[in-house]
Amino acid sequence: MLKSQQINTLEFDKAVESMTEIAGIELGEYIHYRESIIKALLLAINDPTKKENFIHNLFMKQWSESSNDKVYSSNFWLLDDRFMSFVHAWSDVKISSITNEKLKGYMFEKDGRRKPDVVLYFNKDEDSEFVDAIVVEFKGLNANHDQKTKALTEINENVKALRLYNKKIRNIYCYIITSIDEEMENTLNTMQGYVRRSVAGGERIYYCFNDKIDCHINVLDVESIASEAHDRNSTFLKILTKNINHN
């Protein structure tokens, strides 16, 4: 693969050798930290005392904001490792405060008061203000069916408000995070546009593209999130362990 991409293998080997033992230890600590977060997520599935705020705080502390230089302040890698390099994130913060825009008119002001569970900006262009975003809505694992289906409406309203207040957003990826039981599956299977993603492990993941507000919506089961995150983290740990043993 290195040869096909015309990469100098000697330079590559030299770069790998330059990694210090301390860097390896720090990386190992971080991987084990991630595994602890995954275990906490799995424990929450069967613990009725772990409500919505517990899951929310595992991803990012409520009523806070963070930049990507604070490695342990958030755990968006649970969704996708590419979100580790985010620009900025807000948890339970008004949309008008996120965008620093004040639109006149009652309806506009009402939209600005909306507080998505999480808004995250990532993939920002270096030479412009354009950015991609994710919007997250959490619903407790023990929430009733009406509360879970309510999230399908809330996520659309939050995206609509965010697009109204920030014209520099390109792509928006939405995540509804909850437990997908049989009743929720039946609802999603009968809703127009929602399809179950076909994945090797049989995880419960549904996807829809809403062309009315130009956003991608994913409904994720918490157990599926933990399973996929564990697989990715295990791969990192195997590579690190192999390199340490080799050295």
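Where is the place of valine 87? Valine 87 sits in the loop between strand S1 (64-67) and strand S2 (88-91). Strands (E, at least two residues) and helices (H or I, at least four residues) are DSSP runs, numbered from the N terminus.

This is a predicted model, in which local features need pLDDT of at least 70, side-chain atom pairs count only at pLDDT 80 or more, and totals for chains, interfaces and linings use all residues. Residues are numbered from 1 along each chain as its sequence is written, and side-chain values use heavy atoms, with hydrogens and water left out.

**Around valine 87**

Valine 87 is partly exposed, at a relative accessible area of 32%. Buried means under 20% relative accessible area, exposed means over 50%, and partly exposed lies in between (1.4 Å probe, protein chains only). Leaving aside neighbours within four places in sequence, valine 87 is in contact with Ser67, Asn68, Tyr121, Phe122 and Lys124. Contact here means heavy atoms within 4.5 Å. Serine 66 is 21 residues from valine 87 in sequence, with the C-alpha atoms 8.7 Å apart.

Strand S3 (residues 118-122) is mostly covered, with five of its five residues buried. Val118, Leu120 and Phe122 point one way from S3; Val119 and Tyr121 point the other way. In a regular strand the side chains alternate between the two faces of the sheet.

S3 pairs with S2 in the antiparallel sense over four bridges. Two strands pair if DSSP finds at least two bridges between them. Serine 91 stands opposite valine 118. S3 also pairs with strand S4 (residues 131-138), in the antiparallel sense over five bridges. Isoleucine 134 in S4 is the bridge partner of leucine 120.

**Helix H3**

Ile55, His56, Leu58 and Phe59 are buried in helix H3 (residues 52-59). Seen down the axis of H3, its buried residues fall within an arc of 160°, so they line one face of the helix. The arc is that of the directions from the helix axis to the C-beta atoms.

**Salt bridges**

The count comes to 16 salt bridges. Each is a side-chain nitrogen of Lys or Arg within 4 Å of a carboxyl oxygen of Asp or Glu. Among them are these:

| Pair | N to O distance |
|---|---|
| Aspartate 47 and lysine 50 | 2.8 Å |
| Lysine 139 and glutamate 137 | 3.9 Å |
| Arginine 204 and aspartate 221 | 3.0 Å |

Arginine 204 and aspartate 221 link distant parts of the chain, 17 residues apart. Arginine 204 is partly exposed, at 23% relative accessible area, whereas aspartate 221 is buried, at 3%. Salt bridges that share partners join Glu137, Lys139, Lys150 and Glu154 into one network.
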